[in-house]
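Colleague: I'm new to reading strands, sheets and cores. Could you walk me through a structure?

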Amino acid sequence: MSGVAKESTRSKAGPLAGRAWPMKRGAEALEALARRVGLPLPRTSAKLMGAAPEDPNRLGEWLDAAAQAQGLELDLHYTRHGEVAKAIQRAAPALLDVFTPEGIQVVALLRVSASGATARVLTPDETVRDVPMDELTAAVQALVEGTQGNTVDKVLAGTGLREPHRTLARRALLGAQLANTHLVAARTLRLPPGARLLHHLKALSAPPRIMLLLVLAVLIQVCVLAGWWLIGQGAFEGQLDQGWLWAWALMGLTAVPLQAALAWTQGTLALDLSALLRRRLLAGALSLPVDEARRGGIGEYVGRTFESAGMEQMVLAGSFTSLLAVVDLTLAASVTLSGPAGWLGLAALLVFCALLGVLIARQTALFRGWTEARVVMTHALIERMLGHRTRLAQEQPSRWHEEEDQEVARYSDASERWDSGTARIMTLARRGVLPVAIIATLPNVLAGASTASIAVGVGAALLGARAVMSLAVGALALIGSRVLFTGVRPMLDAARLAGAVGATKDGEDGVPQVAPLASTEAPSKSQALLEVRDVYFKHPTSPRAVLEGASLSIRPGERVLLEGPSGSGKSTLASILTGLRRQGSGVVLLRGLDMSTWTPDGWGAQIAGAPQFHENHVVSGTLAMNLLLGRSWPHTQDDMKLARELCEELGLGDLLQRMPAGILQMVGERGWQLSHGEQSRIFVARALLQRVQVVVLDEAFGALDPVTMRKVMNCVNARAPTLIVIAHP
């Protein structure tokens, strides 16, 4: 929470009196809001560690922890002072931090009226009340007004303005003074990306929207068939007069708005499902086990990114196209039965679809070969780009393009096979149904079927041809998405397993866990803070265990040095302690609770680490962002001040002075270039700024000279509550 007002403003209690929740009941407000809007709550909620903090800058972090304790998440709406009203209108359902005479409180926002004049909120007694939107906006804006509000009040005191002009003038002056001041306007309550898919679909109202799609598709085809029936009755039976033409035109015009409604419904649903899939993929990529993430190179992950985009397009396009094609095909089959072809026409249509299905199924292997060739090319290209300088220096020029030529040849061959097979299928789907339908119709036509029946048969044939064509397109897209799914499945599985609080691998709710909130209470020194008992760990590809029977006990405030030769398991133990890996067997206890009892974020809120240099990274962004990655967004002025002080203590003061923008200077790949030692100290600062109880530093001082290392060690020793340092002997 940024720039919290510390002095009272002229915000009136009136409309918010009895409608805002005290901050200490923020977790109750969140749960009540989730129940009211129908979001699913787990049967075994996590235990929220600690009450609402006294520090107002940590209230946002506490609310995030409360949301995760309920298996939900809060999405921040970070906006300017003058755009708070617009942000609130887009945020519902949401929690709003407001400043009232009673201090900082929480408003549970259900929705905003269509006119934008009133907001409907859930009160502490769980009744629903209306609040004027301008009063609610003013209460949120008051969070950052602070001393500016007092200054404006002094100016207005001498003007003699009366209400309501005084209030309008005050808002205008504050808006001008705080135009570029940002704050968290709202925290939208939503499901986390890894929550159960059925819950997400319910939240998106996907089932009724799909039913609407089916109804619209049926109505459109009814209009088309009715038009054909009218033409058949009018033209072939000699009854073609003005009334029949008007009826036929009416059927055609009716199909136009229905088609527009179908396209709009399909497009909006596709956008929502696409956003959901991308969120799950991103959450899964961030939740992958460290060993699995390290198994592939950068090229493989770039390839997976490309494949995920292709899978998203194919699965959505294929699903909608196939669904609508099935509707068309069902109607075509029913009309075929009533036409001259009868059961013979229906049997011919089904046999043709079965033959087409066999050909489409054979395309799966061709698409898999084409995809593998493409992924290999992408992976190899990225890896060669990364090692380009090494190849220039050490590889013979005559061999630079041998492997590339072979990969291009394999890809070209696979692409040719896939394209030729697809062309055959599309040609058969486009041209094959009409001859089959005509042959099936001929017996009854020759037997003297009526002209109206023949017209119906022709319409059924045309409708069936279009349905089969759409079905072939959708089926090809679906088999492609199924092949691509194998590449992104590990990320989706990781998102699913990390999605629900206390979730087990089979998706059921497990035992309650400890929610992610860094405790502000110092642990008792009479008991162990961190215990490791008989831990055993073996990498999946390694023939022998890295750790066997590892045990240690660390009390609060202790400084522990772990030494050992390369390959002895020091870094593996560090990754287990920081939660990056799960031990194969044994027990790891934090504050007396086993690792499986903590949520991943809850464990990370207690223990932070600085991995080895090659496993740590400077992210493209500001130096402040890199330093404060472990703190809630947006960063407060206190956070920025502490980061600057820590940089000075770590000997990075000269670096800040050289940077034109200071701590706000862009660093990383496209920004300021940092030396090896400067990056090492940024990694140390990042761990120290996370407000944790245990700091684990894995060979963090190897790039430092003796003078700088002494300075860094003094800083670490002074700031880390409990310290574990891993180094070579």
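Modeller: Start with pairing: two strands count as a pair if DSSP finds at least two bridges between them. Keep in mind that this is a predicted model. Here, β13 and strand β16 (residues 694-698) run parallel and are joined by 4 bridges. One of these links is between A608 and its bridge partner in β16, V695.

Colleague: In what order do the strands of the open sheet come?

Modeller: The order is β10-β17-β16-β13, 4 strands with parallel pairing. The edges are β10 (559-563) and β13 (607-610); each has a single partner strand, so one side of each is left without a neighbour in the sheet. On average, neighbouring strands are turned by 15° against each other, direction ignored.

Colleague: Which strands does helix α22 touch?

Modeller: Helix α22 (residues 676-688) packs on this sheet and touches β13 and β16. Its direction makes about 180° with that of β13.

Colleague: What about α17: how many of its residues are buried?

Modeller: Buried means under 20% relative accessible area. In helix α17 (residues 570-577), 7 of the 8 residues are buried, so the helix is largely enclosed by the rest of the structure. Among them are K570, L573 and I576. After α17 comes G579, with a positive phi near 85°.

Colleague: And how many residues are in the largest nonpolar core?

Modeller: That core has 51 residues, and I88, L95, L96 and L136 have the most contacts inside it. Several elements give two or more residues to it, including α1 (26-37) and β3 (94-100). β4 gives the most, with 7 residues. A second, separate core has 38 residues, including L646 and F701.

Note on methods:
Residues are numbered from 1 along each chain as its sequence is written. This is a predicted model: local features need pLDDT of at least 70, side-chain atom pairs count only at pLDDT 80 or more; totals for chains, interfaces and linings use all residues. Side-chain values use heavy atoms; hydrogens and water are left out. Buried means under 20% relative accessible area, exposed over 50%, partly exposed in between (1.4 Å probe, protein chains only). A nonpolar core is a set of buried Ala, Val, Leu, Ile, Met, Phe, Trp, Tyr and Cys residues joined through side-chain atoms within 4.5 Å. Axes are lines fitted to C-alpha atoms, for helices over the stretch in contact, and angles run from 0 to 180 degrees between N-to-C directions. Contact means heavy atoms within 4.5 Å.
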